[in-house]
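Hi everyone, thanks for coming. Today I'd like to walk you through one structure, step by step. Please have a look at it first.

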Amino acid sequence: MPILADLSVRPSGARPTIASAPAAVLAGVSVHLPERTVQVADAERALARSSRPGAVPRLPMVSRLTGVQQVHVLPDDWNASDLAVAASATLLAAQGLDVADVDLLIFASASQDMVEPATSHIVAAKLGVRAPVMDVKNACNSVLNAIEVAEALVATGRYATVLVACGEAPSRAVRWDVPDRATYLLSAPGYTMSDAGAAVLVQRAPGHGEGSEPAAGAADRLGSAPGSGACGDRPRGILASAFGAESSHWDVGMLPGGGTAFPRDLDRTYFEIDGSRLRDAFLALGPGVILDALVRAGLTWDDVALVAVHQVAVAHLADVHEALGLPEDRTIVTVAEHGNVASATLPLQLVTALESGRVGPGDVVLLVGLAGGISIGAMAVRL
């Protein structure tokens, strides 16, 4: 399959560049990582000792193949909503905002406290938010899709400040009772999955539309104060995005239990992931959606300071570098130290890059999401 790495070639279906000023800005981001960690290699060795002979490799293969060293595990008495609340409370405090300043709360996560009600209600109740709420769920692209929804609603003038709250607790669905090799192969990708909370604040860009403006006086963690709105003549905010899906691959990664297909089958309440099929499916998608987002934003790779991309293994970053023609220093590795934190990955990479000085006000970051289902998304943002 040919690889598109030249931005002078517009991907099929790409729209003309959108020149209008951004409707929404990413005003802040926060991540909560549970203190408890587990070394993946140690967990694999323990699993091999407790399993039937031949069911699990004696050597820690998952950690060697993926490069994931450790994962975070939430406290026993916490749920996904608690991770989201921890990250959201930190973000609101850093922004100098009260819960009354939140116009809409979106819970975005592959994890959820329960089938009903929407976990956003539980998060809102714990935070004390009285605004409308909704859940946005699309596996590891949940946060990126929620930002897409938030931007669209802000652009209409419906809301000025949207809190996207994420609580990922995949450790609760990882299978450690492995009866045979076939079950092990479907369970093994889950051994790199990690718990985390994240929060992203999406606000109306200054000067966009009429009506109420974002809360005044908020200290913007991503750069200048909300009232400035630009770095020189370059407007801050969400510049463009593009999304795609190839849903015929929906069965390559599943958590089947609890729905109508398997409502009470306890054996189907664990992750079932075919790692090789999942990688092949993403490679077959190609970089078209990502290049589409750059074209719509009127950008080239020279304009992009950081590509934050969903990560399940260190080695898979090489696929991204090759497909996009990117140098290695344009991405940042988080999966080795923190594991696969599902849809909290992009906020984690953004926070890591900001705190380390890799990016700052005026820089363009490209958020690239990859999720089971399968789906892909890309969003260009000027900080």
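I'll talk about confidence, then a sheet, then a core, and finally some charged pairs.

Residues are numbered from 1 along each chain as its sequence is written, and side-chain values use heavy atoms, leaving out hydrogens and water.

pLDDT is the predictor's confidence in each residue, from 0 to 100. For the protein chain the mean is 87, and 89% of its residues reach 70 or more. Where pLDDT is low, the predicted coordinates should not be read in detail.

Now the sheet. Helices (H or I, at least four residues) and strands (E, at least two) are DSSP runs, numbered from the N terminus. Four strands form an open sheet in the order β10-β15-β14-β13, with mixed pairing; two strands pair if DSSP finds at least two bridges between them. At the edges sit β10 (237–245) and β13 (304–309), each pairing on one side only. β13 and β14 (residues 364–371) run parallel, joined by five bridges.

What about the inside? A nonpolar core is a set of buried Ala, Val, Leu, Ile, Met, Phe, Trp, Tyr and Cys residues joined through side-chain atoms within 4.5 Å. Buried means under 20% relative accessible area, exposed over 50%, and partly exposed in between (1.4 Å probe, protein chains only). The largest core has 48 residues, and those with the most contacts inside it are Tyr191, Ile290, Trp301 and Leu366. Helix α8 gives the largest share of this core, six residues.

Last, the charged pairs. A salt bridge is a side-chain nitrogen of Lys or Arg within 4 Å of a carboxyl oxygen of Asp or Glu, and a search of the whole structure finds six. Asp42 and Arg45 form one, at 3.1 Å from N to O; both lie in helix α1, three residues apart. Lys126 and Asp82 form another, at 3.0 Å, and this pair links helix α4 to helix α3, 44 residues apart. Is Asp82 buried or exposed? Asp82 is buried, at 18%, whereas Lys126 is partly exposed, at 41%.

Definitions and conventions:
This is a predicted model: local features need pLDDT of at least 70, side-chain atom pairs count only at pLDDT 80 or more; totals for chains, interfaces and linings use all residues.
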